[in-house]
Amino acid sequence: MATSSPSSHGLPPDLSIPKHFAKLKDPRRAHRRLHLLQDILVIALCAVIAGAQDWQEVETFGRKRHDWLKRFLRLPHGIPAHDTFERVFDRLAPQAFHNCFQGWVQAVGQALRIKHVAIDGKTLRGSGTAKLGPLHLVSAWATAQRLSLGQVAVDAKSNEITAIPALLDLLDVRGALVTIDAMGCQKAIAQKVIDRGGDYILTVKDNQEHLLTDIRQALNSAGEIDFAGLEHDTYQTRERGHGRHEYRCYTVLHHTGGLRNVADWAGLTTIGFCYSERTVAGVSSEEVRYFIGSRKASAKVYGKALRHHWGIENSLHWQLDVTFAEDRNRVSKRNAAENLALLRRLTLSLLQAHPSKQSIAKKRFAAALDAEFLEEILRGDGVLEKR
């Protein structure tokens, strides 16, 4: 189903989404399958791109765009009812759905040569019920490509510490630099990144015994002798705009002497800190953040990676909350909520890959009004092809 012509998108051609989802097993009994699973998935994807927030809106989109969809889909019994969308997405095993998504992502990743992966968690606040708390997902984000690489749901009785290794098992991080905030500063997670062929930068706070104290002491001692004889580097940035001035200075020390139990941290070569000053409307504040890393690289490499890490907040989580209203979404059935969340992330990747300079919100609005624009978003990635 993929088109062989060059894509105008940021994503490479010949990466058909339907191709990667074709092996997804239909969870319905054979006699209940009035509508094709591929039709259901493509309608839902198109509807979410065009702004649909729930299954009723997905059905409405399908009915309003029936003639257009018929050009690409079989639709043997017309457009499914919203109950059908809800049942199918709730019965689809999230792991199976994610595996198909992962196959597409890995194909994209190999073509794009992903070099930096940010990992962070997000809670879907509107998905909670009287029996279950809100769904919490840990996501991986390719910062340069602005591409969602995968997600894992955090077990209700666990936390991100157990979910992050499970997510890493799904990712191809060979040669990539993986950044994780302080929750993920764990020996087992560092080991997992190394085992998967990547390198890590982990933010350090007080959740690891002795580590923060030892890093501070080692850096203070190095500073007192002006880093004489020690391999180190610094990198500074200044940013001005909108009444705000920010100064950052990153210092890395490629020496781990003085750290207790250093051998327990797989591949650890570097410790460092970022000193930042921020002035907004004449009010100044300062902060020092510490980190560890396995890659023996310049302070500029560390500084850019740490700065770009927050792209997962600005380009993924912020978009999901503000543009997709994910926090207000009331789909509460666990499988359906997780599968719909994955569909939103796939949708966001397609929208961000489109070369238009419009905001994501305006692209969605345009896709809702103009079927040709929606087709343009999808056709370059092989989602739609005329029958």
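The lining of the largest cavity comprises 10 nonpolar residues, 1 polar residue and no charged residues, where Ala, Val, Leu, Ile, Met, Phe, Trp, Tyr, Cys and Pro count as nonpolar, Asp, Glu, Lys and Arg as charged, and the others, Gly among them, as polar. The model is predicted, so to speak of a local feature requires pLDDT of at least 70 and side-chain atom pairs count only at pLDDT 80 or more, while totals for chains, interfaces and linings use all residues. Residues are numbered from 1 along each chain as its sequence is written, and side-chain values use heavy atoms, with hydrogens and water left out.

The largest cavity holds about 100 Å³ of space. A cavity here is a set of points, on a 1 Å grid over the protein atoms alone, where a 1.4 Å probe fits but cannot get out; a pocket is an open set with protein on both sides within 12 Å along at least five of seven lines, and lining residues have an atom within 4 Å of a point. Grid points are joined across faces, edges and corners, and the volume is the space filled by probe spheres set on the points. Of the 11 lining residues, Ile17, Phe21, Leu41, Val42 and Leu45 are the closest to the centre of the largest cavity. Two or more residues each come from helix 1 (17–21), helix 2 (37–49) and helix 12 (334–353), and helix 2 gives the most, with 4 residues. Helices (H or I, at least four residues) and strands (E, at least two) are DSSP runs numbered from the N terminus.

The whole structure has 2 cavities of 30 Å³ or more.

Turning to the overall fold, the protein contains 14 helices and 9 strands. Its radius of gyration is 23 Å, close to the 21 Å that the globule rule gives for 387 residues, so the protein is as compact as a globular protein of that length; the radius is taken over C-alpha atoms, and the rule is 2.2 Å times the number of residues to the power 0.38. The C-alpha trace spans about 75 × 40 × 40 Å along its principal axes.

The 9 strands form an open sheet with mixed pairing, in the order 3-2-1-4-5-9-8-7-6; two strands pair if DSSP finds at least two bridges between them. Strand 3 (147–153) and strand 6 (232–241) are the edge strands, each pairing on one side only. Strand 2 (residues 135–142) pairs with strand 3 in the antiparallel sense over 6 bridges, and Ala140 stands opposite Gly150 in strand 3.

Helix 9 (residues 211–224) lies across strand 5 (199–204), strand 7 (244–253), strand 8 (270–280) and strand 9 (283–293), at about 105° to strand 9. Contact means heavy atoms within 4.5 Å; axes are lines fitted to C-alpha atoms, for helices over the stretch in contact, and angles run from 0 to 180 degrees between N-to-C directions.

The largest pocket holds about 620 Å³ of space. Strand 9 gives the most to its lining, with 7 residues.
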